[in-house]
Amino acid sequence: PYASFALPYPIRVDCFTCTAHLPAPYNAPALHLLTHSHADHTLGLSSKSFAARVVCSPNTKEMLLRHESFLERAKKDAGEVATRTFAHLKVEGGAFSRDLLYAVPLNTPTEFELSSTETVTITLIDANHCPGAAMFLVEGPRGTILHTGDVRAEHWLLKSLTRNPFLQSYIPDTEEDLHVLIARGGQTASLTKTLNAIYLDTACMLRGTVVPTKENAVKGLVELIALFEKDTYFFINSWTWGYEDVLKGIARAFQCQIHVDRYKHAVYTHISDPFLRALVTRDATSTRFHACERFERCSFVDVPSFDFKNDLAPRSIEGKKVVYVNPVTMGCAQWEDYRMDVRRRLVMGKDVDRLLVPLERHSPLPELLNFVSLFRPLRVIPNTLVPALGGLDWTAMNVMFKECIAP
Ligand SMILES: [Zn+2]
Ligand SMILES: [Zn+2]
């Protein structure tokens with residue numbers, strides 16, 4: 001809603017399309033913010049005519065500048081000249097030299113001038129969604145807003161937010177001890193402040209089930225992998241950024257690297273995550289764990305096409321048994337049943353050629369309720385709406401979050 005503006009400020013988040021048709025001051029956004037590099041958040045940014053400054057995290061900047069579409073990747077792998085999607089955002093040397101991506105490290109309040117009379121302070125905070133993903137805290141004369149971008153607000157993240165000095169002012173008192181309340185007397189809350197609004201990741205808001213933590217999902221997967229013969233190969237379908245915890249969990253548990261394609265390798269070795277950098281390899285022969293390009297798998301995990309509904313996967317080109325690991329959405333109870341079932345089949349000596357892992361990159365409703373309750377803002381605004389629902393989801397949201405906002 002609001003043409004992606006983080007009202008009351010003329011700041012536009014995760015949308016870079018033309019705004020000339022909007023009334024002033026929204027026809028010319030004072031500032032653009034980018035929460036992370038997923039394609040649904042970079043609309044308009046690949047346009048060569050886009051020429052405004054964009055604030056993002058250092059890792060998002062790195063990922064964006066290295067971004068190649070699938071076609072561009074294929075061209076480059078074939079030795080042809082390929083262009084990078086966002087190359088125009090940073091041009092080095094010559095009269096046209098420019099760098100539109102303004103990287104701000106996490107937890108580092110930074111001032112930005114919106115106009116000659118208005119300055120805001122912006123702080124980026126880890127969003128536990130994918131490498132580089134950040135929430136934006138915007139503080140200024142018109143109040144404070146928190147924009148989550150895409151977020152997986154797991155319990156540990158909420159704990160870390162309560163310890164974040166830049167957010168502590170916005171976490172209200174939840175004291176219930178009678179003696180404390182009496183000792184406080186008639187003092188109303190004046191030291192802590194209230195967020196004017198939280199712009200919330202609503203991608204999974206209509207999902208009411210509790211989903212496994214990333215840690216639990218990865219642990220369960222690793223335990224299942226351990227039950228296979230030691231010469232089994234695994235193809236991990238990490239088809240988009242955000243499944244790195246699966247790669248890390250497997251690498252740590254089996255103490256071996258994971259084969260990735262040229263593009264993933266270039267990105268993972270240039271962002272600030274030493275373990276991720278250490279666990280990827282381009283040597284396909286060195287490991288039985290692979291996360292190479294799914295449409296262009298290496299010969300160790302590339303299996304001839306087969307009827308996956310009725311048949312078991314044939315051996316790969318190199319003659320290896322390959323198990324396909326796919327991230328899915330699954331509730332906690334379902335995950336427990338699934339693990340038991342796979343375990344039983346493996347113990348009985350049945351052939352298993354695929355595994356599921358419930359690694360969720362967005363918070364479902366129960367986690368969102370806890371997240372909003374932590375701050376009790378004045379309002380909660382959806383980052384995205386389902387067009388087909390004609391605003392019903394926003395109406396429902398106001399009801400669902402009624403108990404979580406400021407009284
Ligand atoms: Zn995303
Ligand atoms: Zn591979």
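**Surface, strands and metal site**

Tutor: Begin at the surface: Leu206, Val386, Leu389 and Leu392 form a nonpolar patch there, with about 360 Å² of accessible area together. A patch is made of residues with over 30% relative accessible area and no salt bridge, where nonpolar side chains (Val, Leu, Ile, Met, Phe, Trp, Tyr) are joined within 5 Å and like charges within 9 Å. A salt bridge is a side-chain nitrogen of Lys or Arg within 4 Å of a carboxyl oxygen of Asp or Glu. Areas come from the Shrake-Rupley method with a 1.4 Å probe, and for residues only the protein chains shown count as cover.

Student: What should I know about the model itself?

Tutor: This is a predicted model, in which local features need pLDDT of at least 70 and side-chain atom pairs count only at pLDDT 80 or more, while totals for chains, interfaces and linings use all residues. Residues are numbered from 1 along each chain as its sequence is written, chains are lettered from A and ligands numbered from 1 in the order in which they are written, and side-chain values use heavy atoms, without hydrogens and water.

Student: Is Leu389 buried, partly exposed or exposed?

Tutor: Buried means under 20% relative accessible area, exposed over 50%, and partly exposed in between (1.4 Å probe, protein chains only). Leu389 has 33%, so Leu389 is partly exposed. Leu389 lies in the loop between strand S18 (380–382) and helix H11 (392–400). Helices (H or I, at least four residues) and strands (E, at least two) are DSSP runs, numbered from the N terminus.

Student: Why is strand S10 largely enclosed?

Tutor: Strand S10 (residues 143–147) is largely enclosed by the rest of the structure because five of its five residues are buried. Gly143, Ile145 and His147 lie on one side, and Thr144 and Leu146 on the other.

Student: Which strands pair with S10?

Tutor: Two strands pair if DSSP finds at least two bridges between them. S9 (residues 134–140) and S10 pair in the antiparallel sense over five bridges, and a hairpin joins them through two residues. S10 and S11 (residues 197–200) pair in the parallel sense over three bridges.

Student: Which residues coordinate the zinc ion (ligand 1)?

Tutor: Donors are N, O and S atoms within 2.8 Å of the metal (3.2 Å for Na, K and Ca); water is not among the atoms, so sites may look incomplete. Here they come from His36 (NE2), His38 (ND1), His129 (NE2) and Asp150 (OD), at 2.1 to 2.3 Å. His36 is buried at 0% relative accessibility, and His38 is buried at 6%.
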